[in-house]
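Please read it alongside the sequence and the model shown here.

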Amino acid sequence: MSTHVVQDQTSTTRAPAPSGVHSFFALAAILGTQLMLLLDATVVNVALPGIGSHLGFSPTGMSWVLNVYTLAFGGLLLLGSRIGDLIGRRTALVWGVAAFTLASIAGGVANDSTTLLVARGFQGAAAALAAPSTLALIATSFREGSERNRALSVFSAISGAGSAVGLTVGGMLTDWGSWRWVFFVNIPVGIAIVLLAPRYIKETERHRGGRFDIAGALTGTLGMASLVYAFIRVGESSWGDTRAVTTFVIALALLAAFLVNETRVERPLVVLRLFANRNRALAYAVMLLMVAGMFGTFYFSTQYLQTFLGYSPLKTGFAFLPLAGPLFVAARIAPRALARFGAKRVATVGSSLTLVAAIWITQLSASDGYAQGILPTLILMGVGMGWTVMPLNTFILSGVEPKDAGSASGLLQTMQQVGGSLGLSVLVTVFGTVSRHHPADPFIEGATAAWTLSAVFTGVALLLVLSLKQPKANVLR
């Protein structure tokens, strides 16, 4: 296996490296896209109470404002990656960002829940077209080694901090304006990227031939959507609910059809040879579990601060800054730590700190408040995720052929989005089930149960990190 990795690895060093002004603006357009797409997964978090009261969402139904986006994003990412192979990854990024900007306008002017959810779905679909090109363009534009590591360190910092920044920006926009501005803020960013990318990013090779895996896209996306709906339905009613049970059966049938389809089509959405590398397969699983736990922390912490402690949207947004700062600094330090200690050791330290953070918040009580219960969790999680994301990126990208760079990137981000939507739906189910049985203190009891399951997700992720093998060849040189 290690010989195969080294052979693949040499093929990735042929990527040209941008220089000077082109290098700066090329990376700026790539990072701007990544930040906008990731930020949109959490920027509405702080605005949810306002959205819910204005458009008539139920307490558990509000999670659909997040889940519709992440489901469309994650479910269509691999199809978006294939489209990028056909039309070129720079073109896919530009078209995706343009469509995302238009969908953001539609979401901002929505006056009913259905219109908003449709707009969120289109945002997710547009993000699925643009997102695979971000990491893929780094892989094909910067030589493997120090150049790519510098780009990846900033990319990882932006990716990790994007969620926390989204919460802060969402609080500012909601408090100073209204919830609609969490959508309108994408307009100037999207326009800038559409103007910069064609000028400063070189187009990639187009890989024509074969058919799009439409059947895979439909069965995979509808299967995940059905699974998420079933979990949320259980959270609103019970495990004996007929509609929930029926939807679970439909979800399993669709996902089974997806797996069968992927073994038979000429150009599958999931390139199974990417999982032949043991480290890469484990890294994908770790990313899914980490994001599943992190989304639960964000969602219920936001509700705790606003509905339980009475924080305003602005104060809630700033309350998450202690996550963004340590995360960004840790991610920037990560390349030097990787060079000295290796990817596995750095990822082990990062995931261990994230697990400590996940366990800490499970001890939160009604009398603790922000400083004792939330703040330490955010600081520990910031450092932990900052030292986890980049090592996982390096395990996933090392040795990937240029023709598979888009698929590897798309699958990575699919794990993130599916982990977020599926993880949140499971945690909302646990919250709803437990809170119904504790009418005296429903929120704390329900949130504690959800946070405990988040800690379990993170604990399993740590065990998988410990199972990774440090490559014999220095893939980070």
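## An aromatic pair and its neighbours

Phe300 and Phe431 are both buried, a term that stands for a relative accessible area under 20%, with exposed meaning over 50% and partly exposed the range in between (1.4 Å probe, protein chains only). The model is a predicted one, in which local features need pLDDT of at least 70 and side-chain atom pairs count only at pLDDT 80 or more, whereas totals for chains, interfaces and linings use all residues. Residues are numbered from 1 along each chain as its sequence is written, and side-chain values use heavy atoms, with hydrogens and water left out.

A search of the whole structure finds 17 aromatic pairs, where rings of Phe, Tyr and Trp (for Trp, its six-membered ring) pair if their centres lie within 6.5 Å, and planes under 30 degrees apart count as stacked, over 60 as edge-to-face and the rest as tilted. One of these is the pair of Phe300 and Phe431, which is tilted, with 5.1 Å from centre to centre and 40° between the planes. The pair links distant parts of the chain, since Phe300 belongs to helix H13 and Phe431 to helix H19 (residues 405-436), 131 residues apart; helices (H or I, at least four residues) and strands (E, at least two) are DSSP runs, numbered from the N terminus.

## From Phe431 to Phe443

The rings of Phe431 and Phe443 have centres 5.8 Å apart and planes at 70°, and the pair is therefore edge-to-face. Because Phe431 lies in helix H19 and Phe443 in helix H20 (residues 442-466), this pair ties together parts that are 12 residues apart in sequence.

Phe431 is buried, with a relative accessible area of 17%, and Phe443 is likewise buried, at 15%. Phe431 and Phe443 belong to one aromatic cluster with Tyr299, Phe300, Tyr304 and Phe308.

## The crossing of H13 and H18

Two packed helices are described by the angle between their axes and the distance between the axes. For helix H13 (residues 278-308) and helix H18 (residues 389-397), the axes come within 8 Å and cross at roughly 145°; axes are lines fitted to C-alpha atoms, for helices over the stretch in contact, and angles run from 0 to 180 degrees between N-to-C directions. The crossing of H13 and H18 is left-handed, which applies when the near helix is turned anticlockwise from the far one by less than a right angle, right-handed being the clockwise case.

On the H13 side, the contact is made by Asn279, Arg280, Ala283, Tyr284, Val286 and Met287, and on the H18 side by Leu392, Asn393, Phe395 and Ile396, contact meaning heavy atoms within 4.5 Å. These residues divide into seven nonpolar, two polar and one charged, where Ala, Val, Leu, Ile, Met, Phe, Trp, Tyr, Cys and Pro count as nonpolar, Asp, Glu, Lys and Arg as charged, and the others, Gly among them, as polar.

## Helix H14 and Tyr311

Thr316 is placed in helix H14 (residues 313-319) and, at 0% relative accessibility, counts as buried. With neighbours within four places in sequence left aside, Thr316 is in contact with Val46, Thr302, Leu305, Gln306 and Tyr311.

Ala319 is also found in helix H14 and is buried, with a relative accessible area of 5%. Not counting residues up to four places away in sequence, Ala319 touches Leu305, Tyr311, Tyr370 and Leu378; from Ala319 to Tyr370 the C-alpha to C-alpha distance is 8.3 Å, across 51 residues of sequence. Lys315 lies over the face of Tyr311, at 4.3 Å from the ring centre, a charge being taken to sit over a ring if NZ of Lys or CZ of Arg is within 6 Å of the ring centre and within 35 degrees of the ring normal.

Ala337 has its place in helix H15 (residues 321-341) and counts as buried at 14% relative accessibility. Leaving aside neighbours within four places in sequence, Ala337 is in contact with Gly342 and Val346, while Ala337 and Pro391, 54 residues apart in sequence, are 9.9 Å apart in space, C-alpha to C-alpha.

Trp181 lies in helix H9 (residues 181-184) and, at 45% relative accessibility, counts as partly exposed.

## The chain as a whole

The chain has 20 helices and zero strands, and of its 477 residues 61% count as buried. Among contacts between residues at least 6 apart in sequence, 86% join residues at least 24 apart.
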